[in-house]
Amino acid sequence: MSLRDKTLFISGGSRGIGLQIALRAARDGANVALIAKTAEPHPKLPGTVFTAAAEIEAAGGRALPIVGDIRDETQVEAAVAATIERFGGIDVCVNNASAIDLSGTEALAIKRYDLMQDINTRGTFVVSRACIPHLKRAENPHILTLSPPISLEPRWLGPHIAYTIAKYGMSLCALGFAAELRADGIASNALWPRTLIATAAVQNLLGGDEAMAASRKPQLYADAAHAVVTRPSRERTGNTLLCEDVLAEEGVTDFDAYAYVPGATPQVDLFVDQV
């Protein structure tokens, strides 16, 4: 299936994984609405919501860049309304926006705790909630949340409790929406990679050049996301999926093509047991 003429609403898509998901959809000829805070260039982070929109249109899609903060439900509702006015509907809601801080309990500033909860869990809820009335009218509606499988093993909780809670909250939203909206035919799934993905967060927060060298390209995430949201929505919902498993089902056998550094051994992600 293709995303041609379908409309995606993506949170935080001005760079990284969110942008790659948008570009993959654009190559099909999709409409993409992006809500992100970055209106002006950041000294350490590439791209703005406007440069992302230009890339989407260059790739063959139609873009609607929206400067907004998903912590503010009125801004989200206005962004969704603008998307409907421009494109006529929403077929896919992608909860990509996320904040990360791996500090331990004593070292973590409470404002950073609040930021992660507000953007990750609350933001996922707010964005999805605003999109749901329009998804109910779509032909093949999907909510896709970029968050990990849920494990209660101490090794995923002890090192970074606050971040784990915030990401698991996103996954619980994904599973909850699936149960609540099943009768409406809206699929809701979470998607996460087995390995690190080469993004600004990995470069700046998770190990710099060494971590980047052990990462896979964001295109891996984008290709897996495309595979999920082009499947019939009534056939697969309520899952916490792994990118590599999704792509293997699509017939992908050579993951070396996704290596950020050719020939390097990818590093296992924070929430995944094995490559």
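Trainee: In which segment is Thr265 found, and is Thr265 buried or exposed?

Mentor: Thr265 is found in the segment after helix 10 (243–249); helices (H or I, at least four residues) and strands (E, at least two) are DSSP runs, numbered from the N terminus. This is a predicted model, in which local features need pLDDT of at least 70, side-chain atom pairs count only at pLDDT 80 or more, and totals for chains, interfaces and linings use all residues. Residues are numbered from 1 along each chain as its sequence is written, and side-chain values use heavy atoms, leaving out hydrogens and water. Buried means under 20% relative accessible area, exposed over 50%, and partly exposed in between (1.4 Å probe, protein chains only), so with 65% Thr265 is exposed.

Trainee: How far apart in space are Thr265 and Ile90?

Mentor: In sequence, Thr265 and Ile90 are 175 residues apart. From C-alpha to C-alpha, their separation in space is 39 Å.

Trainee: Which residues of helix 3 are buried, and where around the axis are they?

Mentor: Helix 3 comprises residues 73–87. Its buried residues are Val76, Ala79, Val80, Thr83 and Phe87.

Trainee: Which residue just after helix 3 takes a positive phi?

Mentor: The phi in question is about 90 degrees. The residue just after helix 3 that takes this positive value is Gly88.

Trainee: Is Ile150 buried or partly exposed?

Mentor: Ile150 is found in the loop between strand 5 (142–145) and helix 5 (154–157). Its relative accessibility is 37%, and therefore Ile150 counts as partly exposed.

Definitions and conventions: Expected span 1.5 Å × (residues − 1).
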